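Please read these notes with the model open beside you.

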Amino acid sequence: MTILELRNLTKVFGGRVRAVDDVSLTIEAGATFGLLGESGSGKSTLARLIPRLIEPTSGEIFFEGKPLQNLRERDLRPVREQIQIVFQNPFSSLNPRMTVRELIGEPLYIHKRASGAALDEQVREMMRLVGLNPEHTNRFPHEFSGGQRQRIGIARAIILRPKLLILDEPTSALDVSVQAQVLNLLIDLQRTLHLTYLLITHDLSVVRYMCDDVALMYLGSIVEQGTVQRIFRQPAHPYTQALLRDIPSTDPDQRMLESVSLEADIVSAPWNGQGCRFSPRCPVAQIGECKTVEPALVEVTTGQRAACHLVKPHLVTP
Amino acid sequence: MTQSAQPLVEIRDLFTEMVTFDGVSKVLNGVNLTINKGDLLGLVGETGCGKSVTAMTIPRLVPQPPARYTRGQVLFRGEDMLTKQGEELRQTRAQHIGVVFQDPMTGLNPVFTIEQQMVDAILTRQQSLHATGFFRGWLPSNRERRRQARERAIQLLRRVGIPEPEKRINAYPHQFSGGMRQRVLIAMAISGRPDLLIADEPTTALDVSVQAQILRLIAELVREIDLTVLLITHNIGVVAQLCNRIAVMYAGNVVESGPTREVLNAPKHPYTQGLLQAIPSEDIARGELVGVAGSVPSLLTPPPGCRFAPRCAHATDRCLTAFPRTIAVTSQHEVACVLHEAEAKTA
Amino acid sequence: MTTLSSPPLSRWSRWKADHASQITDLRRGIYRFSRNRLSVIGLTLVILLLIIAITAPLWVPYPGDVTGSINMAERLKPPSAEHLFGTDDAGRDVFSRTIMATRTSFQVGVIILVVAITIGVTLGAIAGYFGGWVNQVIMRLTDIMLTFPGIFLALAISAALGRGVLNAMLALSITWWPGYCRLVEAQMLKMREEDFVAGARAIGASNTRIIFRHILPNLLTAIIIKASMDFGFAVLNLAALGFIGVGVLPPEPDWGSMISAGRRFIPGSWWYSTFPGLFMFVTVLAFNLLGDGLRDLLDPNSTVRS
């Protein structure tokens with residue numbers, strides 16, 4: 001069953017910057033969908049467009065088949081109970097003036113689900129569930145470590161029992177050993193609470209570990225999409241290939257620095273708005289079309305689509 | 001590389017405390033670390049393990065107070081940095097040490113052009129050789145020096161891979177991307193032809209593709225100019241790809257150090273093993289990631305014995321009370337853990 | 001089950017346990033505050049001035065002189081044991097009048113700031129949070145208010161409504177709120193982009209809740225620091241109005257009007273202007289030092305390291 005569908009979603013900032021450009025994707029209930037991209041790819045904007053924390057410029061959002069784009073703020077509130085976000089930075093995403101009890105209990109209070117002792121009890125139960133000491137309800141966020149704060153953020157997001165959880169770089173501010181704990185917690189919670197995850201990250205190894213499907217964003221648009229297995233085994237798009245090459249492996253015998261990589265970066269090699277958006281940095285031979293025609297996202301093999309002129313379906317072995 | 005290893009930095013038994021409201025935090029607990037000339041040493045550890053304090057103690061960039069050095073020596077080119085002060089300290093820093101910080105956004109002053117900042121950095125380094133005092137920028141001879149400094153700045157920018165450096169040098173930092181700013185900072189750090197380059201998480205704020213470019217640049221520079229690098233990072237992958245030696249820190253101690261290949265292929269300390277297992281890799285199935293259980297101890301009241309013992313699966317009663325000594329497992333591979341005492345005798 | 005022996009104590013210890021975090025924060029704040037010697041001096045002076053202002057009527061040596069009795073025989077006497085700060089041109093005790101003027105100054109200062117903060121914070125919060133045309137209207141109004149020099153506005157109001165302390169207060173309140181409006185608006189624009197505000201919206205919090213529960217408590221620090229700094233200047237401005245004769249009406253004691261009146265007798269009777277001036281100086285200084293110290297005390301995010 002499809003839980004979330006985006007059709008041609010676009011967000012233009014200030015009339016010029018196409019932060020999210022014609023993005024369409026479908027997420028199945030119970031799955032973990034990874035959205036990969038570097039800074040400036042528009043992945044965080046996309047996260048905020050879904051519950052309409054930012055208003056889309058055009059396009060459609062369907063949550064469990066219901067269109068969201070025309071709902072009024074008041075009618076949106078019950079939907080927002082179902083879609084929650086865990087933010088990247090555990091230091092800025094929690095109000096420093098609120099205690100843990102207030103932070104985790106606030107959603108219940110706002111939606112009038114519980115109050116008083118019942119609320120306290122639910123907060124404590126939630127803290128136990130995410131691995132926090134329920135004795136610490138009166139503490140403030142700054143008394144916790146980064147990993148613990150992210151647990152508070154998760155508790156706050158799941159206390160309303162949402163169906164879809166958007167995880168915006170949930171572990172990128174954390175140390176690896178803490179990251180492992182938080183990722184495993186997310187996996188456990190998904191199993192027990194039957195959650196669907198949209199995991200937004202720049203870390204390919206996190207996607208590989210956590211996700212069923214993945215979409216790669218580059219300058220606001222999806223350049224490759226498919227199952228994690230296919231994309232990591234046989235990346236089709238030159239951008240995906242370069243990214244996979246550039247993760248520094250912990251195996252010293254796998255030499256990454258000797259291989260060729262991407263030239264420049266998004267800022268120093270800007271896209272002029274014509275042709276393929278990756279063409280200014282693309283390392284492979286460029287045909288004329290790359291500079292003039294924007295490639296469409298086409299099926300390469302079953303379960304894998306890419307937007308590149310150089311990728312022809314018959315060139316990829318299934 | 002191995003036979004004529006000449007130490008550039010020798011940190012011996014360094015104890016450091018931070019005085020805070022909550023008490024005295026025992027930040028460094030007897031750190032021993034040697035950096036040989038020509039080394040590319042990766043100092044790895046998680047937030048709060050003391051890796052930045054250790055590294056920044058070499059140029060003495062750790063503010064005092066709150067920091068307090070209670071014991072130990074930090075020998076740089078054979079001289080103890082802990083006893084240096086004032087002008088002498090400034091001279092050593094200017095002539096022999098270059099530092100690159102984590103955040104390329106705040107490392108450059110937004111109101112000056114790249115030229116102004118680089119020329120200043122280069123001249124400051126020269127001035128430490130012949131101090132001209134207050135009027136330095138005004139004298140005609142100094143105008144000539146400024147021109148030369150500009151030439152040198154352009155040369156350096158070209159070297160670190162800034163395209164069209166003659167034009168770009170007039171730009172302001174905000175006109176540069178994060179990767180380019182980090183290149184500029186590296187150019188500034190090596191402008192004084194330092195013996196030691198300290199890079200504190202130089203690629204943490206960057207995208208992977210840009211990170212790869214910067215790492216490649218550092219590797220090239222080390223090969224070209226006579227440079228020794230101390231790279232501070234929490235990313236073991238970066239060390240594996242770039243460094244010839246690695247030192248792993250945990251809660252104020254170097255728990256394991258040695259040649260990168262040896263340490264990463266056969267980690268001896270339970271913490272190093274845990275760290276490596278915590279990184280999601282290709283062959284780990286969902287939910288199977290192990291990681292390191294528990295959390296970092298408070299350094300206000302650290303465990304009396306091995307600081308890792310409370311989180312260690314192999315800890316014995318002895319680990320909880322006695323501080324482990326450092327054992328050489330092979331000629332260069334050292335580990336601070338009682339589990340390997342037997343190996344030490346045979347080695 | 002076993003700890004029911006002494007209820008009052010257990011309630012206290014329970015409160016202490018419940019608020020352990022706040023207590024530690026406060027102690028950490030005090031510790032940090034106390035490490036800055038200047039702010040401790042500022043705080044001490046403020047407390048001293050406050051005690052003087054509150055208790056003055058109980059102990060000033062010549063309460064009659066404060067309300068305007070004239071004693072030409074004692075005219076312009078230099079400081080002595082009888083008259084610590086000397087006497088003025090009407091033979092009144094300068095010490096009694098300076099001390100009582102502290103009281104006036106503090107009363108007026110508090111009222112000015114309360115009015116200014118109420119107006120400024122409300123308008124600033126609305127302008128900053130909602131943006132768009134609401135912001136434009138409020139902020140342009142603020143700009144217009146800021147272009148009027150306070151003293152001239154006060155002169156105009158006095159001309160229209162008559163002289164007196166009430167009108168001076170009104171005038172100063174009107175000139176003071178735009179500062180808070182600006183401050184809160186700018187902070188609001190910044191806070192609106194914070195993750196925790198987006199988070200509050202994501203869980204379905206209403207605008208009122210976001211403004212009052214999430215954003216304003218985080219601005220409290222900035223407002224209190226500004227208020228502390230402003231207090232000194234509000235007192236200074238009131239004195240300036242008194243100096244040019246549109247503030248506190250004589251014979252009510254006021255530092256400004258005393259300095260103004262004493263001007264004519266300088267340098268012979270230096271004490272007449274000097275002591276009120278000194279009190280004014282100390283007040284402004286004390287509140288500024290305090291403001292600096294409060295910054296350290298009130299910031300919940302400053303790290304544990306001092």
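1. Ground rules. This is a predicted model, in which local features need pLDDT of at least 70 and side-chain atom pairs count only at pLDDT 80 or more, while totals for chains, interfaces and linings use all residues. Residues are numbered from 1 along each chain as its sequence is written, and chains are lettered from A and ligands numbered from 1 in the order in which they are written. Helices (H or I, at least four residues) and strands (E, at least two) are DSSP runs, numbered from the N terminus.

2. Strand S7 of chain B and its neighbours. Strands of a sheet pair through backbone hydrogen bonds, either parallel or antiparallel. Two strands count as paired if DSSP finds at least two bridges between them. From S7(B) the chain passes through helix H7 (residues 208-224) of chain B to reach S8(B), a right-handed β-α-β crossover. Right-handed means that, with the strands pointing away from the viewer, the path from the first strand over the helix to the second runs clockwise. Strand S6 (residues 97-100) of chain B is also parallel to S7(B), joined by four bridges, and B:Ile97 has B:Leu196 as its bridge partner.

3. A residue is buried if 20 or more other C-beta atoms lie within 10 Å of its own, exposed if 12 or fewer, and partly exposed in between, with C-beta atoms placed from the backbone. Five of the five residues of strand S7 (residues 196-200) of chain B are buried, so this strand is largely enclosed by the rest of the structure. B:Leu196, B:Ile198 and B:Asp200 point one way, B:Leu197 and B:Ala199 the other.

4. The antiparallel sheet of chain B. Four strands form an open sheet in the order S2-S1-S4-S5 (chain B), with antiparallel pairing. Strand S2 (23-36) and strand S5 (79-80) of chain B are the edges, each pairing on one side only. Strand S1 (residues 7-20) of chain B is tied to S2(B) by 11 bridges. Across this pairing, B:Val19 stands opposite B:Val24.

5. Where chains A and B meet. Two residues are in contact if their C-beta atoms, placed from the backbone, lie within 7 Å. Chain A puts 34 residues into the contact and chain B puts in 40 residues. On the chain A side, helix H6 (176-193), helix H7 (204-210) and helix H9 (238-246) each supply at least two residues. H6(A) gives the most, with eight residues.

6. The two domains of chain A. An automatic or database domain assignment supplies the bounds: domain 1 of chain A is 2-233 and domain 2 is 236-318. Their C-alpha centres lie 28 Å apart. The contact between them takes 15 residues from domain 1 and 18 residues from domain 2. On the domain 1 side, S10(A) gives the most, with seven residues.

7. Chain C. Here there are 12 helices and zero strands. The C-alpha trace spans about 75 × 60 × 35 Å along its principal axes. Of the 306 residues in chain C, 41% are buried. Among contacts between residues at least 6 apart in sequence, 69% join residues at least 24 apart.
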